[in-house]
Amino acid sequence: HLLRQCFSGLTRYDDELNRVVPDLAHHWTKSEDAIEWCFYLRSGLKFSDGSSLEAIDIERCINALVRSPVFSRIYSGIANIQSLDKQRLRITLKHADIHFADLLSHTSALIYKSHKGKLIYSGHWLVKSHDDFNLVLKVNPWYHGFRPVIDEVNIMRIESDILDMGRIQVFYQGMGNGEDKVSEPKIERGSCFLVVDGNGRFTDEEDRVFLNHVLQPVDILKNTSHNKKMNLALSVAQGLLPGWYHRILDIVPPIRHKMHRELTLATFEQPELEKHAEGIISILERYGIRCKVVTCSFQTFYTTPPSNVDLWLTNFVLDDTNDCSLNNWLQCEPILERCGNGWVQDKQQVAMEIRDGLNSSENAIERLVRKFTHARWLIPLVYHRVDHEQIRHNSAFSNELGWVNFSDAWFDIR
């Protein structure tokens, strides 16, 4: 969410309108077959250092995505990008895609440049300073839209053991009087889940059923060193998204002839995931299964993941309600490709259905994820709860994660 406040894209998803709207692009047109798209930039666009932001800058950023080892999965449909002049950009696709403008609202498509190793911004805000515990955002004086009322935002990181993680509160303070306080407990749009590697040592159906049976979320949490209050911020997941009820209840006896094996579980450096890994190891050891954990940096986990892995522990969360955001995540998530049973082929079929307008994003993806969860290649574990206790008013709108849009916020300091 912070990236979206510091950088702009050709388009952006408006949380209040629930649709994609113009951003750097003033408007766009597409051919009847939805293969050729032409974007018209606003006049006078500038980066945060005062230099001109032109079509050639957008061409550079999108070409980098086409070559990206991760994001090329969702931008591989681009055949050609051409800057027609300073304010016009033509993008030709390999296949029709009626949702291409939605794709360009994805976080990966935000526009930036660098100078002498320093990032230059295109959004409402620029980063004034940052360290491990503090991030200071300052208004970008060259931003093309309305200037935020607030001049500077200071975001502090507080260690989780200081906070009551069972109730994360977000307060929006307006100047209006007599407004009713609204409590809005929510489940984040995402989950923490396991992927069973299709080339690993637990690929037999009876093995996957066994894992689905023994790795119950409540049991995992009981066997971790989580702060107990942290557990209050979690909820048992029945699918990769809230409202999806895909996980099957398996009740099976232990596989006696398959005990005393070794497994490797990979995850990335995030305290919550490392704690969940503790619980998984403890449960598997009850059945004589030794499990080695390989913990990588986030970048390594997704770009050069370790080899000979049997289980992958990961998570995701979507910061808006756009159906296309779900498809973008699924298409460029490399860990999901570790599934067995033809995930890549099925995923490509779903992408084609969505691109051609034959099916809605969520319906097509729900069908795909249901198939692989029923087959126990995917094992949902937990959701994250966030309680928004807020005063609703027009000057501050929060996204799905409870983050304030600082550009629209103002505070009564009387």
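In this predicted model, helix H10 passes helix H12 in a left-handed crossing. The briefing below takes up that helix pair, then helix H2 with its 13 residues, and finally Val149, a residue in the loop between strand S10 and strand S11.

**Helices H10 and H12**

- Two packed helices are described by the angle between their axes and the distance between the axes.
- Helix H10, which covers residues 323-332, packs against helix H12, residues 361-374, at an angle of about 40 degrees, and their axes lie 8 Å apart; that angle makes H10 oblique to H12.
- On the H10 side the contact is formed by Asp323, Cys324, Leu326, Asn327 and Leu330, which meet Ser361, Glu362, Ile365, Leu368 and Val369 of H12.
- Sorted by class, the residues in this contact of H10 with H12 are six nonpolar, two polar and two charged.

**Helix H2**

- Helix H2 runs over residues 55-67 and spans 19 Å from its first C-alpha to its last, which is close to the 18 Å expected at 1.5 Å a residue.
- Buried residues in H2 are Ala55, Asp57, Ile58, Glu59, Cys61, Ile62 and Leu65, and the elements that cover them include strand S4 (36-41), helix H3 (72-75), strand S5 (78-85) and strand S6 (88-93).

**Val149 in its loop**

- The loop that holds Val149 lies between strand S10, residues 134-139, and strand S11, residues 152-156.
- Val149 has a relative accessible area of 59%, and because exposed means over 50%, this residue counts as exposed.
- Although Val149 and Val139 are ten residues apart along the chain, their C-alpha atoms are separated by 9.2 Å.

Notes. Residues are numbered from 1 along each chain as its sequence is written. This is a predicted model: local features need pLDDT of at least 70, side-chain atom pairs count only at pLDDT 80 or more; totals for chains, interfaces and linings use all residues. Side-chain values use heavy atoms; hydrogens and water are left out. Axes are lines fitted to C-alpha atoms, for helices over the stretch in contact, and angles run from 0 to 180 degrees between N-to-C directions. Helices (H or I, at least four residues) and strands (E, at least two) are DSSP runs, numbered from the N terminus. Angles under 35 degrees count as roughly parallel, over 145 as roughly antiparallel, 65 to 115 as roughly perpendicular and the rest as oblique. A crossing is left-handed if the near helix is turned anticlockwise from the far one by less than a right angle, and right-handed if clockwise. Contact means heavy atoms within 4.5 Å. Ala, Val, Leu, Ile, Met, Phe, Trp, Tyr, Cys and Pro count as nonpolar, Asp, Glu, Lys and Arg as charged, and the others, Gly among them, as polar. The expected span of a helix is 1.5 Å times one less than its number of residues. Buried means under 20% relative accessible area, exposed over 50%, partly exposed in between (1.4 Å probe, protein chains only).
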